Amino acid sequence: MWFGHNFFKIFTEDEWQQDPSFFAEGKQGYIRPSGLGSDANPNLNHPQAVAVAQKYVENWFRNNPQSFSVPMGLNDTMIFDKKVESEGWFRDRPSRTNYLIGFLNKVAEVSLLNKNNVNEPRRVIGTLAYLDTLKAPTIKVNPNIFPWVCVDRLGYTNDEFAQQDIDNCTAWVKSGSTHVGAYDYWYGNHFCVPRISFSAQDKSIKKVHQ
C-alpha cells in the first residue's frame, strides 16, 4: 500500500535495543515495540529518527524500484510520546499534524526523492491524515509528501460534517503537496447491516474531487 500504517516497520526492536528513547514515553517509561500496527507511535523528535526513516526510504526504493510511493503512515493508534503537545483540537481530538509533517519534511530531504533529471521516476512519501493528524497542517508540506485524508464520508448526510471535511481537504490541497488522496470507509467496518447512503457517497465524491 502506498500510504498505510507503517512506523511499526520502520522503528523496530533493533532501534529499541539501540536506544529505547526512539519510542514513546508513557506513564511507566518507554513503550517497547511489539511489531504490530497498533504499536504506540515512535518519538519523531529523537535526534536519529530522521536518519532511521531516510534509510528506510532508500532501502524501500532499492528493493521496489518501480514503486511510486514509500508508505510512512502513523501507526493505528492515538498513543504518542507524552511530550508531544496538542496543537489544538479537531473533531474532539488533539491535533498533532505539524509534528508529523515537520518530521516528514526532513525525511523528504533524502536525495533520491529530489530528481536530478526528467528521466528519473517520480518518488514520494505516502502518509496518513488520520485521527490526530487529520487536520491540515499550518506549516508548508514538502511537495514529495503524499497525504491521504481518512474520513468516513457517509457523514456527508450531515451538512455541517460535509463542510468541515470539504474545508479540511481544501486546506490539505493548498498545503504544498502535489498529491492529496482521499481514503474512505464505505465497507462499513463494525456494522452488521448495510449502511449505504448513495446520496452521501455521490456528494462526497463530487465535493472531494472538486
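Start by selecting Asn 158, at the start of helix H5. A side-chain oxygen of Asn 158 comes to within 3.0 Å of the backbone nitrogen of Glu 160. Keep in mind that this model is predicted.

**Stop 1: helix H5**

Now select residues 159-173, which form H5. How far apart are the end C-alpha atoms of this helix? They are 21 Å apart. That agrees with expectation, because 15 residues at 1.5 Å a residue should span 21 Å.

Next, colour the buried residues of H5: Ala 162, Asp 165, Ile 166, Asn 168, Cys 169 and Trp 172. An α-helix has 3.6 residues a turn, so residues three or four places apart point the same way. Look for that pattern as you turn the view.

What do the buried residues of H5 pack against? Show strand E4 (89-90), strand E6 (124-129) and strand E7 (145-150), which are among their partners.

**Stop 2: helix H3**

Select residues 49-63 for helix H3. Its end C-alpha atoms are 21 Å apart. The 15 residues of H3 should span 21 Å at 1.5 Å a residue, so the two values agree.

Ala 49, Val 50, Val 52, Ala 53, Gln 54, Tyr 56, Val 57 and Phe 61 of H3 are buried. Show their surroundings. The buried residues of H3 pack against helix H1 (7-10), helix H2 (13-18), E3, H4 and E6.

**Stop 3: where H3 meets H4**

Two packed helices are described by the angle between their axes and the distance between the axes. For H3 and H4, the angle is about 55 degrees and the axes are 9 Å apart. The two helices are therefore oblique to each other. H3 passes H4 in a right-handed crossing. Which residues make the contact? On the H3 side, pick Ala 49, Val 50, Ala 53, Gln 54 and Val 57. On the H4 side, pick Phe 103, Lys 106 and Val 107.

**Stop 4: Val 70**

Move to strand E3, residues 69-71, and click on Val 70. Is Val 70 buried or exposed? Val 70 is buried, because its relative accessible area is 0% and the cut-off for buried is under 20%.

Leave out residues up to four places away in sequence, and Val 70 touches Trp 2, Tyr 56, Val 57, Trp 60, Phe 61, Val 124, Ile 125 and Gly 126. Now draw a line from the C-alpha atom of Val 70 to that of Asp 92. The two atoms are separated by 30 Å, with the residues 22 apart along the chain.

**Stop 5: two loop residues with positive phi**

Select Arg 91, in the loop between E4 and strand E5 (93-94). Its phi is near 55 degrees, a positive value in a residue other than glycine. Arg 91 counts as partly exposed, at 23% relative accessibility.

Then jump to Leu 131, in the loop between E6 and E7. Leu 131 is not a glycine, yet has a positive phi of about 50 degrees.

**Last stop: Asp 184**

Finish in the loop between strand E8 (181-183) and H6, where Asp 184 sits. Asp 184 is buried, with a relative accessible area of 15%. Which backbone nitrogen does the side chain of Asp 184 reach? It reaches that of Arg 153, at 2.9 Å. Show the other contacts too. Setting aside neighbours within four places in sequence, Asp 184 is in contact with Val 151, Asp 152, Arg 153, Leu 154 and Ser 204.

Methods. Residues numbered from 1 in each chain as written. Predicted model: local features only at pLDDT ≥ 70, side-chain atom pairs only at ≥ 80, totals over all residues. Heavy atoms only, no water. Helix = DSSP H or I, 4+ residues; strand = E, 2+ residues; numbered from the N terminus. Expected span 1.5 Å × (residues − 1). Buried < 20%, exposed > 50% of the residue type's maximum accessible area, 1.4 Å probe, protein only. Contact = heavy atoms within 4.5 Å. Polar contact = N/O pair within 3.5 Å; in protein donor to acceptor, adjacent residues only side chain to side chain. Axes fitted to C-alpha atoms, helices over the stretch in contact; angles between N-to-C directions. Parallel < 35°, antiparallel > 145°, perpendicular 65-115°, else oblique. Left-handed = near helix turned anticlockwise from the far one by under 90°.
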